[in-house]
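Subject: Structure handover

Hello,

Here is the structure for you to look through. My notes follow below it.

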Amino acid sequence: MGLHKLTVMCSVLCLAAFAVQLAESQELLQAPTLRFAVDVNQSAVKLYSAVPVVCTIPDTARRPAEVHLSLAANTSSAVLSFTLTIQSPVIFTLNARPDFETAFVCWYRIIRTKEQSQFSEPINIVISALSDPLVVLIPPVFPVGAKYTFQCETPLIGYTNTTLSVYDRLLPLRSGNNSFKYVGSRVLNPGEWGAAITRTNTGETYEFLCEMEVFLNGRALRSRSKPIAAMPEELPVRLVPKDPGTCYGDAYVRVRDDWRPLCFVSKFDNTLNTAKVVCKELGCGPVVDYRTLGGALYNSVGTPNCTGNEKKISECPISSERSCDQGTLNVICSEALPPPTLSLSERDTASWVYVRTEESVTLECIFQSSIHEFAYITLTRDGNDLYTRRTLPGSRVTWILHNTVTEGKYACYVHTREFKVYRTESSNVIGIYIYDPPPAGAVAAGVITTIIGVIILALLCIYRTSE
């Protein structure tokens with residue numbers, strides 16, 4: 001009996017110890033802490049802005065651990081999760097959307113033992129501000145008498161219960177007339193993101209602003225854009241040169257006393273027409289060459305959509321482009337690169353010359369330009385290209401035509417690139433012809449024969465007269 005009692009007592013003690021251990025294993029671990037990141041202004045959380053929150057688990061908690069962020073009203077599922085392997089706080093970034101205007105908690109679970117912590121103290125996200133609406137002028141610059149559109153947009157697509165209102169005022173401001181006046185409003189339907197007004201035949205300067213109102217969870221939030229001025233411009237053009245000169249350089253237009261580069265994008269192939277209009281407006285003759293420079297531009301103007309028939313850049317519609325992947329336009333007009341001059345070495349200047357069959361001819365071509373860069377000179381015969389040389393302005397390019405020179409009309413022209421799509425007009429033309437005079441004996445015999453013939457003719461005349 002004594003042994004039986006001892007066995008039962010041991011069993012009871014073992015069961016009690018196991019129950020205590022089981023109870024301890026089911027206890028929740030120490031709760032983490034949850035707070036807003038230091039750069040978050042809790043009193044001015046903007047709708048749809050990024051809100052970082054920091055969850056810190058105790059230093060004594062074992063790693064690795066799964067750290068979760070959940071809605072306080074629904075802790076059975078996690079909104080965001082992160083596997084933590086080192087001793088470090090976990091930063092979760094929330095989007096301040098309408099359905100996230102609530103309380104959040106964080107908690108963790110030890111991966112190896114599946115032990116779970118208590119929930120942190122909740123933090124509440126309250127949306128109390130809006131980002132400013134976006135405003136844009138289309139086109140960003142426009143000439144006097146043209147039309148433009150003022151457009152107001154929500155900062156992001158997806159705003160609901162939103163109204164956009166437009167206000168304007170006439171510039172310059174006058175006493176008693178310096179406040180903005182209401183123009184109109186638009187309640188956005190699902191999927192819509194902006195409102196716009198268009199003005200035509202413009203001659204006055206107006207300043208616009210946009211107000212955005214959003215109804216959110218029973219209250220109204222408002223924000224306003226910064227004013228933007230719509231000023232008709234004369235938009236004169238100039239070429240900003242790398243070297244002195246006005247008919248070569250990068251295309252700029254003047255906007256409010258500031259010279260700004262034209263903007264070009266790869267999806268528009270209208271650079272040649274624009275270059276034609278630039279040279280025409282400046283009185284620099286036809287366009288000889290042009291190219292886009294590539295690279296992003298700062299403070300650029302929109303893209304002119306010229307047909308080539310306009311007299312000024314201001315007559316071309318200008319589209320608004322926010323990305324100028326082709327940079328601005330570099331233009332060379334004919335006044336900056338006039339036709340070259342062709343001459344015969346050691347001969348008088350002439351438009352044609354006779355040479356003998358075995359005689360060589362030396363042709364020289366020279367061009368003058370304010371563009372101090374290498375160019376190419378090509379010699380032609382009867383309009384067909386013969387030879388090409390690379391040289392600088394002011395240098396003479398010489399070609400020696402040996403042995404039997406081919407007859408024809410010779411000229412030269414200049415092109416700035418190795419391929420010859422864009423070129424100057426041709427130089428003066430020099431005609432070269434082959435002429436071989438007869439031998440000296442044959443010439444003397446011909447002269448004697450001619451003299452004898454004249455004498456005989458004279459004698460015949462005298463004889464007839466005497467009869």
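What is the order of the strands in the open sheet of five strands? The order is E26-E32-E31-E28-E29, and the pairing is mixed. Before going further, two notes on the basis. This is a predicted model, in which local features need pLDDT of at least 70 and side-chain atom pairs count only at pLDDT 80 or more, while totals for chains, interfaces and linings use all residues. Residues are numbered from 1 along each chain as its sequence is written, and side-chain values use heavy atoms, with hydrogens and water left out.

The sheet

Helices (H or I, at least four residues) and strands (E, at least two) are DSSP runs, numbered from the N terminus. Two strands pair if DSSP finds at least two bridges between them. Strand E26 (352-355) and strand E29 (384-391) stand at the edges of the sheet. Each has a single partner strand, so one side of each lacks a neighbour in the sheet. On average, neighbouring strands are turned by 25° against each other, direction ignored (axes are lines fitted to C-alpha atoms, for helices over the stretch in contact; angles run from 0 to 180 degrees between N-to-C directions). Strand E28 (residues 375-381) pairs with E29 in the antiparallel sense, over seven bridges. Isoleucine 377 stands opposite arginine 389 in E29.

The chain as a whole

The chain has three helices and 32 strands. Of its 467 residues, 39% are buried. Buried means under 20% relative accessible area, exposed means over 50%, and partly exposed lies in between (1.4 Å probe, protein chains only). Take the contacts (heavy atoms within 4.5 Å) between residues at least 6 apart in sequence: 67% of them join residues at least 24 apart.

Salt bridges

A salt bridge is a side-chain nitrogen of Lys or Arg within 4 Å of a carboxyl oxygen of Asp or Glu. By this rule there are 13.

- Glutamate 211 and arginine 224 meet at 3.3 Å, N to O. Glutamate 211 is in strand E15 (residues 205-216) and arginine 224 in strand E16 (residues 219-224), 13 residues apart. Glutamate 211 is buried at 18% relative accessibility. Arginine 224 is partly exposed at 41%.
- Arginine 417 and aspartate 289 meet at 2.9 Å, N to O. Arginine 417 lies in the loop between strand E31 (408-415) and strand E32 (430-434), and aspartate 289 in strand E21 (residues 287-292), so the pair ties together parts 128 residues apart in sequence. Aspartate 289 is buried, at 1% relative accessibility.
- Glutamate 364 and arginine 396 meet at 3.3 Å, N to O. Glutamate 364 is in strand E27 (residues 361-366) and arginine 396 in strand E30 (residues 396-401), so the pair ties together parts 32 residues apart in sequence. Glutamate 364 is buried at 17%. Arginine 396 is exposed at 52%.

Salt bridges that share partners also join Asp289, Arg291 and Arg417 into one network.

Helix H2

Helix H2 (residues 271-282) has 12 residues, which should span 16 Å at 1.5 Å a residue. The expected span is 1.5 Å times one less than the number of residues. The end C-alpha atoms of H2 are 17 Å apart, which agrees. Which residues of H2 are buried? They are Thr271, Thr274, Ala275, Val277, Val278 and Cys279. Their cover includes strand E18 (237-240), E21, strand E22 (303-304) and strand E24 (329-333). Glycine 283 follows H2 and has a positive phi, near 65°.

Best wishes
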